[in-house]
Amino acid sequence: MRVETGPIRTRPPRGRTWLLIAGIAIFAGVLTVYIADLANHLSALGQMRDLVVYRAGGLITRHASPPGNYNHSAGLYSWHGKYRVSFTYAPIAAIIFAGGSLLSWLALRWVMTIISLAALLLSVWLTFGALGYPSRRVRAGAALLVAAAALVTEPIQQNLALGQINLLLMLLVVMDLTRPRPRWWNGIGIGLAAGIKLVPLIFIPYLLLTGRFRQAAVAAGTFAATIGIGYAVLPGASARYWWDGLFLNANRITFMGTRGNQSLRGMMTRFIGSVNGAGGAWLAVAITVAVVGLVAAAALYRAGQPVPGMLACALTGLLVSPLSWDHHWVWVAPGLAYLGHRAARARGRARLAWWPGVVALFAVFAAFPQFWSHKAALVPAGWIWYSPTRYYAYGDNPAYNEYHWNLVQTLAGDAYVLAGLLALGVLVAAAVRGRRPLRPALARARAKMPRLS
């Protein structure tokens, strides 16, 4: 009798196949609708104003003349484009975009859009991997479904419309934190992301609190290397940015209370009615939120919940940063992945709590036509766009719209901050609750251990 010794091949369950097919179909459909809407409102959605700034930085690094006002003798941070926009990132960002500036403007826009969509999909894919999805079909189907939902949110659409880099920076962080077997290079992504945009620095103390000292050292070393490369290639710009403290002056970029600043600093500035007057109160609140958020994030990780720990740290960074634009909140994508995972795995009455959470998170960040506006009724936006703002405002002025919101405008205009505080509160509660079951379990495990006489 012949015995088969090779691996037994079985067909995957139909549920896995249908989930993958549904994910592909829904993501393709949402992407098609988005592109069609983009084509119809190209002037409003497709200008990629921030990509213009990145390209200008790359041109200056290559000693080419960018469009707009530029003083060659004054360096990178003297350039001003349309609406007085200027280069605000660290010099390493301009060095990286020197390569991108070699492309034509049309090619650069397409490349940025494609890699941003890929970063969204890969970030969600890695998140589901960290949640323990072994089947590639299930994981791919779930990632496509969540990416489709995320593509309908305002932060993601703003990233694509502006040509922003937040999806790429999020991917660098997620790749570092979701790898099942850490390698020596883990931490490079966080360090590079922090070198470009300072907010990801929040993940270095998170690594320290979770005992990943080597990864924290790699991240800190990479961050230091980005500064060194900046000084080597753009010494004048680096000295102005780091030594002269330009990176500390967020108010030079825009009005700190502008509607787009969805951070505690922005919300408190709007509430108090003064940029300088809100500084002291914001600093006290930010320090408290940073400590509580980081401790909770570390506790979640140590309790065997790395994804909630990562999300708690990311939320903490978004809230305490002096300037968190609406398009910085791309972490809504892994947030939807986590809530969707818990809702799908829940049984009985627990589903009544998780599915409304998924719907609520999506509703807060969703992009939809501006039904309140006659000029831009069909251009997709979010709740925060309901509240009036003073576009491209700088400094401080008691007449700014944000200082005169009513209650409904305040709730809409601070929607991301309020949702972030609520979500962080839930994660903090989960961290506190998650420590309690460990103590009895640890006591039982110790009782079963053999005693050495």
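**View 1. Helices that line the second largest pocket of a predicted model.** Helix H15 (306-320), helix H16 (332-345), helix H17 (351-365) and helix H19 (415-435) each contribute at least two residues to the lining of this pocket. The most comes from H19, with nine residues. Helices (H or I, at least four residues) and strands (E, at least two) are DSSP runs, numbered from the N terminus. The lining comprises 30 residues, and those nearest the centre of the pocket are Leu339, Trp354, Ala423, Val426 and Leu427. The second largest pocket has a volume of about 910 Å³. On a 1 Å grid over the protein atoms alone, a pocket is an open set of points with protein on both sides within 12 Å along at least five of seven lines, a cavity is a set of points where a 1.4 Å probe fits but cannot get out, and lining residues have an atom within 4 Å of a point. Grid points are joined across faces, edges and corners, and a volume is the space filled by probe spheres set on the points. By class, the pocket lining has 23 nonpolar, five polar and two charged residues. Ala, Val, Leu, Ile, Met, Phe, Trp, Tyr, Cys and Pro count as nonpolar, Asp, Glu, Lys and Arg as charged, and the others, Gly among them, as polar. The model is predicted: local features need pLDDT of at least 70, side-chain atom pairs count only at pLDDT 80 or more, and totals for chains, interfaces and linings use all residues. Residues are numbered from 1 along each chain as its sequence is written, and side-chain values use heavy atoms, with hydrogens and water left out.

**View 2. The largest cavity.** The structure holds four cavities of 30 Å³ or more. The largest cavity has a volume of about 200 Å³. It is lined by 17 residues, with Val199, Pro200, Leu318, His328 and Trp331 closest to its centre. Helix H8 (166-177) and H15 each supply at least two residues of this lining. Its residues divide into twelve nonpolar, four polar and one charged.

**View 3. Helix H6 against helix H16.** H6 (residues 136-151) packs on H16 at an angle of about 135°, and their axes are 9 Å apart. Axes are lines fitted to C-alpha atoms, for helices over the stretch in contact, and angles run from 0 to 180 degrees between N-to-C directions. H6 is therefore oblique to H16. Angles under 35 degrees count as roughly parallel, over 145 as roughly antiparallel, 65 to 115 as roughly perpendicular and the rest as oblique. Val146, Ala149 and Ala150 of H6 make the contact with Ala333, Leu336 and Ala337 of H16, where contact means heavy atoms within 4.5 Å. By class, this contact has six nonpolar, no polar and no charged residues.

**View 4. Helix H8 against helix H9.** The axes of H8 and H9 come within 7 Å and cross at roughly 155°. The two helices are therefore roughly antiparallel to each other. On the H8 side, the contact is made by Leu169, Leu172, Val173, Asp176 and Leu177, and on the H9 side by Ile188, Gly189, Ile190, Leu192, Ala193 and Ile196. Nine of the contact residues are nonpolar, one is polar and one is charged.
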